[in-house]
Amino acid sequence: MGKYLMVGAGLSGAVIGRHLAEAGHDVTVVDSRAHVGGNCHTERDPDTGVMVHVYGPHIFHTDDAEVWDYVNGYETFLPYRNRVKATTGGAVYSLPVNLHTINQFFGRTMRPDEARDFIANEQADTSIADPQTFEEQAMRFVGKDLYEAFFRGYTVKQWGVQPSQLPASILKRLPVRFNYDDNYFFHRFQGMPEHGYTAMIERILDHPGLKVRLETVFDRSQAGEYDHVFYSGPLDGWFDYELGRLGYRTLDFERFTYDGDYQGCAVMNYGEERVPYTRITEHKHFAPWETHEGSVCYREFSRACEPDDIPYYPIRQVAERALLGEYVALAEQTEGVSFVGRLGTYRYLDMDVTIREALDTARGFLGHVQAGTRAPAFFVAPL
């Protein structure tokens, strides 16, 4: 029986820890916070009864049937469709940009084929043959008017740089639909946990072979007490930032309550740069099966992450990727630890991908235990 440590009680630590505990191993999970769940943490607001996504909204969506079955084994997921709205130019529109958005924005009544031709032939900048930047990608596929209304200002606020400085890969898909589908995600399985993510993760961690220690700060010197450590903290943090800090964006939330329904939807984006926040989230709308008179809302502000801030979005531009390569090389020389999750691999990960990678990591690790071989520093390459 092995003795293993999970640093972090978020999805990665919980799923890997549970899998190893079920295999008969002795597992300890530590977290510096007073709760499990990491940034997925949810809790009831005592005054309104609203289930609040404390570190910002998390919406579960996946095409991975095994992952969907996994989360439903620990919590009932109820139907939820993310229908985002956007305020820009003194009007409210539907996102992603779809046929309704296009017709409303341009004051037209186009059918799908007409709208497709209109965007391709009258709006898109076809002189851009091979888009290299975010701005070029948007201009090539939707044109200047839609780009400036819905993408430019929001992107400047979210990333703190001009869209001309960001890679085209950030805007991965054609950001427009030529039908009236306003479901933000395409995935087959979409939902929200009936009693919140924290309740789900608490159940994952509820196993006799698993010990959870909250408000416990991990020190690297403790690693020698265990056969192996799974570390979901910041990759550069393991090495005490000796090569420098990897860049992140962080979020500030301005929380406010409202007696009634503040905005009528869960997420309202603000595309104009003059509005300092990127969006307002109204948390009772993330649980449409519940009814609450009062409301809890967050205004969301993005800025550069300082040392004492919670890191949210890895920047991964040229300088960061170079530094990441140096940390990866250091990590691969380090025995007895595997780096997992969003922070451990310095990648933005959706929840379903985090769980998939955690399951694969746990299974792969047990294979190494059985074979008597060294487990890698990364079960998923961060580069």
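User: What joins β6 to strand β9 (residues 189–193), and in which direction do they run?

Analyst: In this predicted model, 3 bridges join β6 to strand β9, and the two run antiparallel. Two strands count as a pair when there are at least two bridges between them, so β6 and β9 qualify with their 3. Within this arrangement, Pro79 stands opposite Gly191 in β9.

User: Why are β5 and β6 said to stand at the edges?

Analyst: The open sheet is formed by 3 strands in the order β5-β9-β6, with antiparallel pairing. Because β5 (60–62) and β6 (77–79) each have a single partner strand, one side of each is left without a neighbour in the sheet. From one strand to the next, the twist averages 40°. Helix α7 (residues 197–204) lies across β5, β6 and β9, and runs at about 90° to β9.

User: How do you know that the span of helix α1 (residues 11–22) agrees with what it should be?

Analyst: At 1.5 Å a residue, the 12 residues of α1 should span 16 Å, and since the C-alpha atoms at its ends are 16 Å apart, the two values agree.

User: What makes α1 a mostly covered helix?

Analyst: Of its 12 residues, 10 are buried, and a residue is called buried when its relative accessible area is under 20%. Among these buried residues are Leu11, Val15, Ile16 and Leu20. Just after α1, Gly24 takes a positive phi of about 100°.

User: Which residues touch the most other members of the largest nonpolar core?

Analyst: That core has 74 residues, and those touching the most other members are Leu20, Phe60, Phe150, Met200 and Ile355. Helix α11 (residues 351–371) gives the most to this core, with 7 residues. Leaving aside residues up to four places away in sequence, Met200 touches Leu11, Val71, Tyr74, Glu75 and Phe77. There is also a second, separate core of 24 residues, which includes Leu5, Leu246, Leu324 and Tyr327.

User: Why is the sulfur of Cys40 too far from the closest cysteine sulfur for a bond?

Analyst: The closest cysteine sulfur to that of Cys40 is in Cys305, 17 Å away, whereas a disulfide needs the sulfur atoms within 2.5 Å, so the pair is too far apart for a bond. In keeping with this, the structure holds 0 disulfides.

Key: Residues numbered from 1 in each chain as written. Predicted model: local features only at pLDDT ≥ 70, side-chain atom pairs only at ≥ 80, totals over all residues. Heavy atoms only, no water. Helix = DSSP H or I, 4+ residues; strand = E, 2+ residues; numbered from the N terminus. Axes fitted to C-alpha atoms, helices over the stretch in contact; angles between N-to-C directions. Contact = heavy atoms within 4.5 Å. Expected span 1.5 Å × (residues − 1). Buried < 20%, exposed > 50% of the residue type's maximum accessible area, 1.4 Å probe, protein only. Core = buried A, V, L, I, M, F, W, Y, C linked by side-chain atoms within 4.5 Å.
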